[in-house]
Amino acid sequence: MGSGLTQQQIDFFQTSGYLFPLNAISSTEAATLRGRIETYEAQSGEEVNKRLKIKAHLAFPWMCELARHPAIVEAVQSLIGSDVLLFGSSAFAKNARDIRFVSWHQDSAYYGLDPHDCVTAWIALSPATSESGCLRVLPGSHRGPDLVHEETYDANNLLARGQSLQGIDDNLAVEMPLEPGQFSLHHERTAHDSLPNRSDDRRIGVAFFYMAAHVRSTLGPRSAMPVAGVDAYGHWSRDPEPRTDLDPVSMEYLDSIWARYRDQAATIQAARRADQSAA
Ligand SMILES: O=C(O)CCC(=O)C(=O)O
């Protein structure tokens, strides 16, 4: 078991479904990693949001290394046990004065994981503030029912299908501001969102989606990256880890997983809607 969090922090997370701020890397290291993302954007000619989704770590060895950073992994182990797999990861960037946002959603509605022993770590690579549109959470929502999302396909929504929870009371939202190099944690079922960036700098973060090794896929065979401990269950095959930046083998796999994820997400939501109308 990792010794990352105090009992008080663990209790808080279990009650509230989130925790912040925690320290991972220095602001200088965060600036270096931000630079690597921005170099990728300059070379590829597209925003990081476009391709580095769901398994962004397959693009860069440094991202796999960040996902295995002891400060992050030990905090995660404190919450879900010592045997940890990385289910996925995404880069989320909003430009300076960017009207784009992330609507209220629960990751659990789309991930197809059972049980929900899953935690997201969101690492800031630039200042994530109230002004720049830091992550917000709805405290305790991980202990409530699974909520049904409406798919809005809003072009300004950074989520693929614009999936949105309706009727959330914004007054109950808690902001999770972070300095570059710090991270927050939220449970897979915690409702969260983020508002537009009203600042003059970009807001860039990387989200890592961790699960305990005993978690199963409810969507058929899938892969994950071992992060810590042992995998005695073998529920997941292994992600092809990149040997170099933009390794063609892992990038092809990343593109196929991203396309499949969008199809599976549609199937899950259709099944939920059918269940609801039958009830
Ligand atoms: O970066 C954002 O604004 C949203 C991130 C998010 O939805 C997540 O980490 O699960």
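## Ligand site

A polar side-chain atom of Arg203 lies 2.8 Å from an oxygen atom of the ligand. The model is predicted. For Asp107, the corresponding distance to an oxygen atom of the ligand is 3.4 Å.

In total, 13 residues surround the ligand. The closest are His105, Trp122, His192, Ser194 and Arg203.

## The four-stranded sheet

Four strands form an open sheet in the order E3-E11-E6-E9, and their pairing is antiparallel. Which strands are at the edges? They are E3 (102-105) and E9 (174-175), each pairing on one side only.

E3 pairs with E11 (residues 192-194) over 2 bridges, in the antiparallel sense. Within this pair, Val102 stands opposite Ser194 of E11. Ser194 is also one of the residues closest to the ligand.

## Helix H2

Helix H2 covers residues 27-44. Its 18 residues, at 1.5 Å a residue, should span 26 Å. The end C-alpha atoms are 25 Å apart, which agrees with that expectation.

Which residues of H2 are buried? They are Ala30, Leu33, Arg34, Ile37, Tyr40 and Glu41. Seen down the helix axis, the buried residues of H2 fall within an arc of 115 degrees, so they line one face. The face turned away from this buried side carries Thr28, Ala42 and Gln43, which are exposed.

Both helices and strands contribute to the cover over the buried residues of H2. Among them are helix H3 (48-51), helix H4 (61-67), strand E5 (118-124) and strand E12 (203-212). After H2 comes Gly45, with a positive phi near 75 degrees.

## Asp239 in its loop

Asp239 sits in the loop between strand E15 (237-238) and helix H7 (248-278). Is Asp239 buried or exposed? Its relative accessibility is 5%, so Asp239 counts as buried.

What does Asp239 touch, leaving aside neighbours within four places in sequence? Its contacts are Lys55, His57, Leu58, Leu86, Ser223, Ala224, Met225 and Tyr253. Ser250 is 11 residues from Asp239 along the chain, and their C-alpha atoms are separated by 8.1 Å.

Leu246 lies in the loop between E15 and H7 as well. Leu246 is partly exposed, with a relative accessible area of 34%. Its phi is positive, near 55 degrees, in a residue other than glycine.

## Backbone features elsewhere

The peptide bond from Phe20 to Pro21 is cis, with omega near -15 degrees. Pro21 belongs to strand E1 (residues 18-23). Another cis peptide bond runs from Asp114 to Pro115, with omega near -5 degrees. Where is Pro115? Pro115 is in the loop between strand E4 (113-114) and E5. E5 is among the elements that cover the buried residues of H2.

Tyr153 has a positive phi, near 50 degrees, and is not a glycine. The place of Tyr153 is the loop between strand E7 (150-151) and strand E8 (163-164).

Conventions: Residues are numbered from 1 along each chain as its sequence is written. This is a predicted model: local features need pLDDT of at least 70, side-chain atom pairs count only at pLDDT 80 or more; totals for chains, interfaces and linings use all residues. Side-chain values use heavy atoms; hydrogens and water are left out. The expected span of a helix is 1.5 Å times one less than its number of residues. Buried means under 20% relative accessible area, exposed over 50%, partly exposed in between (1.4 Å probe, protein chains only). The arc is that of the directions from the helix axis to the C-beta atoms. Contact means heavy atoms within 4.5 Å. Two strands pair if DSSP finds at least two bridges between them. A residue is near a molecule or strand if one of its heavy atoms lies within 4 Å of it. A polar contact is a pair of N or O atoms within 3.5 Å; within protein, one must be able to donate a hydrogen and the other to accept it, and residues adjacent in sequence count only if both atoms are side-chain atoms.
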